[in-house]
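This report describes the arrangement of domains, helices and strands in the model shown below. The account moves from one chain to the other and then to the contact between them.

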Amino acid sequence: MIKLYDYELSGNCYKLRLLMSILGVDYETVPVDFYPGREHKSDWFLRLNPLGQLPVVDDDGLVLRDAQAILVYLAARYDPSGTWYPRDDPRLLGEVSQWLAFADGITATASAARLHDGLFYDVDIDACRAGAHRLFRILDEHLWFGEQEGRDWLCAAAAPTIADIACFPYVMLSEEGGISRQDYPAIRRWCDRLKRVDGFIVMSGIFPASRARAA
Amino acid sequence: MLDQSRNRWHPIAASHDLAYRHVFHGQLLGREFAVWRADDDFVNIWENRCLHRGVRLSIGINDGRELKCQYHGWRYSNRTAGCTYIPAHPADAPARTITNRTFSAVERYGFVWTAEEPVGEVPGIAGLAEGDLLVLRGIPVNAAADRVVEHLQTHRFQPVGALDADGAEMVVETADAFSLALLARQGTAETRCVFFVQPVDAARSVIRGVLDRQPEAAQRMAVLRHHNERLSALRERIEDAVRGEPAPAPIEPVFDPVPAELAEMPQPTPHGRKATLRVEVARKWAAADGIAGFELTPLGGGLPTFQPGAHIDVHMPNGEIRQYSVVNGPGESDRFTIGVKREPESAGGSSCMHDTVREGDVLAISEPRNNFPLRRDASKTLLVAGGIGITPLLAMAQALHNQDLAFELHYFARDEAQMAFRERLDGLGATLHPHLGLDPQATGDTLSSLFSTYQDGMHLYLCGPGPMLEAARRVAAERGWPEQAIHFEYFKNTNEIDDSSTFEVALARSCLTFQVPAGRTILDMVRENGVDMPSSCEQGACGTCLATVIEGEPDHQDVYLNDTEKRSGTKIMTCVSRARSARLVLDL
């Protein structure tokens with residue numbers, strides 16, 4: 001069974017729990033005391049991941065680090081529909097990768113701001129917040145034009161992809177870093193749509209949405 | 001200086017921002033709003049805080065009919081913003097004072113407009129024809145609205161038809177403190193764009209633009225992108241320009257206390273049955289054989305919040321007063337729907353409603369009162385209706401259905417033609433179980449099998465003719481249903497009332513003592529002594545005139561209290577019940 005080295009309050013761990021829940025993949029978690037224990041910097045964990053970062057998965061001996069990389073692996077391996085990581089569509093794959101990199105930018109800004117406010121990390125908070133707002137403006141614009149063109153998701157596909165899962169958690173948790181989403185109405189609607197995907201699960205700070213209106 | 005008038009209409013969202021089942025996070029002049037479109041297309045603009053713990057309602061859940069707070073699940077009704085359910089108090093109907101503050105909402109030119117205290121109508125804009133407009137993407141700007149308007153004066157864009165060219169001639173057609181109309185002209189191509197600048201806060205704005213007509217479908221996206229690009233560049237310039245300036249302090253919104261009409265104590269009146277609302281019969285139709293349906297819409301203003309199980313008093317043209325359950329589903333708050341069965345031995349109530357009252361007539365009604373509240377924490381709810389007893393249970397069924405809670409509605413009727421409110425019943429799908437044409441014996445057998453599987457956490461709600469209720473309550477008790485899981489409402493009290501006793505009543509809180517002579521009720525004497533007391537049916541069925549007994553032994557003659565409540569001796573229906581002891585002390 002897949003083993004997820006997990007911290008409950010981590011958005012990067014949550015995105016893996018979320019995808020595995022959506023795909024109906026069984027997994028077990030190994031809780032890592034990220035705060036205040038700093039167990040991700042302990043010797044035993046550094047042997048798993050020399051970068052000292054969560055999450056890590058161990059799937060039958062395959063040890064992988066990096067949330068975005070793990071999303072690629074899980075979707076490619078465990079999604080029989082092939083929509084979450086569209087392997088056979090080069091254009092879509094390019095788009096997915098572009099947004100996976102964008103998700104890293106969100107982690108570097110919005111997630112860092114949250115670590116500052118919640119777990120007392122020493123970062124340049126103003127730069128983090130300004131950086132997150134810059135990314136959110138780009139994201140909101142992309143999603144607004146998507147709505148106008150009849151596209152619900154980040155990539156030009158009828159169904160969501162791991163790009164949506166990768167960007168979603170630290171967008172939803174941004175208020176915990178003092179970054180309001182009030183100026184991003186299209187982001188807020190996209191978050192509602194993602195919460196309506198079958199198999200959606202919550203985490204602390206990420207609440208459910210209502211059912212969609214019957215057509 | 002930013003004009004902070006609370007009377008002025010501003011757009012706070014584009015109509016397309018209000019997706020169904022979504023809550024938009026709005027703000028105007030420092031005041032935040034939770035803005036949501038109900039499934040019936042009513043646009044709600046509310047103070048963005050739950051009345052319970054102040055959590056933002058913009059993170060709440062719009063279920064199409066009600067808005068639910070994420071924190072403790074308080075539910076608020078579409079339109080009225082009144083609280084309909086508090087999960088921590090599942091057996092109670094929330095007080096009417098728990099009503100959130102609402103703001104005017106008007107949709108015009110593709111935007112949603114509001115003001116804290118609007119004066120007049122949303123201003124008409126010359127050159128903008130409703131319906132054929134293209135609403136641009138709103139552009140939030142970190143700068144004061146007056147600064148944004150100033151920069152918009154030199155804003156440039158290309159007319160539709162000459163998007164790829166450059167250097168269109170720009171004319172500022174009109175301008176005021178928060179809007180301006182710009183005309184771009186190049187050759188024969190001409191496009192007018194009206195920009196509204198929404199003052200979000202002292203140093204935050206949103207530019208909301210609208211083009212005077214829809215371009216051809218093929219050009220639509222290009223036009224939207226062109227304007228988005230130009231406005232984004234304008235935003236860069238404005239934000240650069242204000243970056244070095246000291247930011248004005250955010251505007252502090254003033255949170256009003258509960259509105260006066262909710263906070264006031266009601267005026268004492270000698271008569272306890274009040275009909276404070278005037279409604280028009282907007283529709284009267286045959287809801288089933290022998291059952292007339294009525295849709296009652298308010299004359300001016302709105303209707304108060306109701307919950308499933310609530311009833312209203314209808315004051316009829318002939319002076320009769322009758323109680324009817326509100327049939328509405330949740331969030332259906334622009335009218336009350338009731339069903340009236342023609343009683344063969346009508347004492348003037350149902351015959352008046354059937355024969356005299358017509359569409360267009362005005363009736364006086366009481367505010368809705370809920371003495372038959374619905375719990376929503378049951379593991380499963382059984383609703384059992386006999387005949388016209390369907391009315392409160394139909395309201396309950398629609399609420400449970402809307403929340404996806406487990407329930408069954410069992411509807412006993414003579415035949416299909418006697419099943420009322422067909423279209424509402426059809427909306428319930430497989431949860432509806434009709435039982436048609438059963439005699440008392442078969443009814444008893446059916447009830448017996450329905451009630452055979454009591455499990456902890458289930459609740460049963462009954463409404464129907466007296467004999468059926470008696471049978472159902474007996475069968476449920478035999479089948480192991482605890483009394484607190486059985487909820488019932490009688491149409492009327494058929495007990496023979498014995499009012500021959502004479503006794504003394506003391507009102508502990510009012511410091512009054514008086515005699516209740518034979519032939520008079522406690523309720524009469526309470527009122528005669530100047531204490532206001534609500535009442536409704538005045539025959540011991542509805543539960544409105546309930547009082548708490550502090551001392552003495554009540555002589556129960558009502559059909560509202562269950563046997564445990566009666567035995568406990570702590571409650572009394574003051575309209576029919578009396579005292580076995582020489583003295584009763586009531587908590588009034």
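This is a predicted model: local features need pLDDT of at least 70, side-chain atom pairs count only at pLDDT 80 or more; totals for chains, interfaces and linings use all residues.

Among contacts in chain B between residues at least 6 apart in sequence, those that join residues at least 24 apart make up 65%. Of the 588 residues of chain B, 43% count as buried, and the C-alpha trace of chain B spans about 95 × 55 × 50 Å along its principal axes. The secondary structure of chain B consists of 10 helices and 35 strands.

The domain assignment divides chain B into domain 1, domain 2, domain 3, domain 4 and domain 5, with the bounds set out in the table.

| Domain of chain B | Residues |
|---|---|
| domain 1 | 1-124 |
| domain 2 | 126-263 |
| domain 3 | 277-365 |
| domain 4 | 380-490 |
| domain 5 | 503-586 |

Turning to chain A, the domain assignment gives domain 1 (2-78) and domain 2 (90-195), and the centres of domain 1 of chain A and domain 2 of chain A, taken over C-alpha atoms, are separated by 21 Å. Where these domains meet, 11 residues of domain 1 of chain A are in contact with 13 residues of domain 2 of chain A. On the side of domain 1 of chain A that touches domain 2 of chain A, α1 (11-23) and α3 (67-78) of chain A each supply at least two residues, with the largest share, 6 residues, coming from α1(A). By class, that side of domain 1 of chain A has 7 nonpolar, 3 polar and 1 charged residues.

How do these two helices lie relative to one another, given that the axes of α1(A) and α3(A) come within 10 Å? The axes of α1(A) and α3(A) cross at roughly 10 degrees, and because angles under 35 degrees count as roughly parallel, α1(A) is roughly parallel to α3(A). In the contact between them, N12(A), K15(A), L16(A), L19(A), M20(A) and L23(A) in α1(A) meet A67(A), I70(A), L71(A), L74(A), A75(A) and Y78(A) in α3(A). The residues of this contact of α1(A) with α3(A) divide into 10 nonpolar, 1 polar and 1 charged.

The remaining topic is the contact between the chains, in which 20 residues of chain B are in contact with 15 residues of chain A. On the side of chain B that touches chain A, β2 (23-28), β5 (61-62) and α2 (217-242) of chain B each supply at least two residues, and the residues of that side of chain B divide into 8 nonpolar, 7 polar and 5 charged.

Methods. Residues are numbered from 1 along each chain as its sequence is written. Chains are lettered from A and ligands numbered from 1 in the order in which they are written. Domain bounds come from an automatic or database domain assignment. Two residues are in contact if their C-beta atoms, placed from the backbone, lie within 7 Å. Helices (H or I, at least four residues) and strands (E, at least two) are DSSP runs, numbered from the N terminus. Ala, Val, Leu, Ile, Met, Phe, Trp, Tyr, Cys and Pro count as nonpolar, Asp, Glu, Lys and Arg as charged, and the others, Gly among them, as polar. Axes are lines fitted to C-alpha atoms, for helices over the stretch in contact, and angles run from 0 to 180 degrees between N-to-C directions. Angles under 35 degrees count as roughly parallel, over 145 as roughly antiparallel, 65 to 115 as roughly perpendicular and the rest as oblique. A residue is buried if 20 or more other C-beta atoms lie within 10 Å of its own, exposed if 12 or fewer, and partly exposed in between; C-beta atoms are placed from the backbone.
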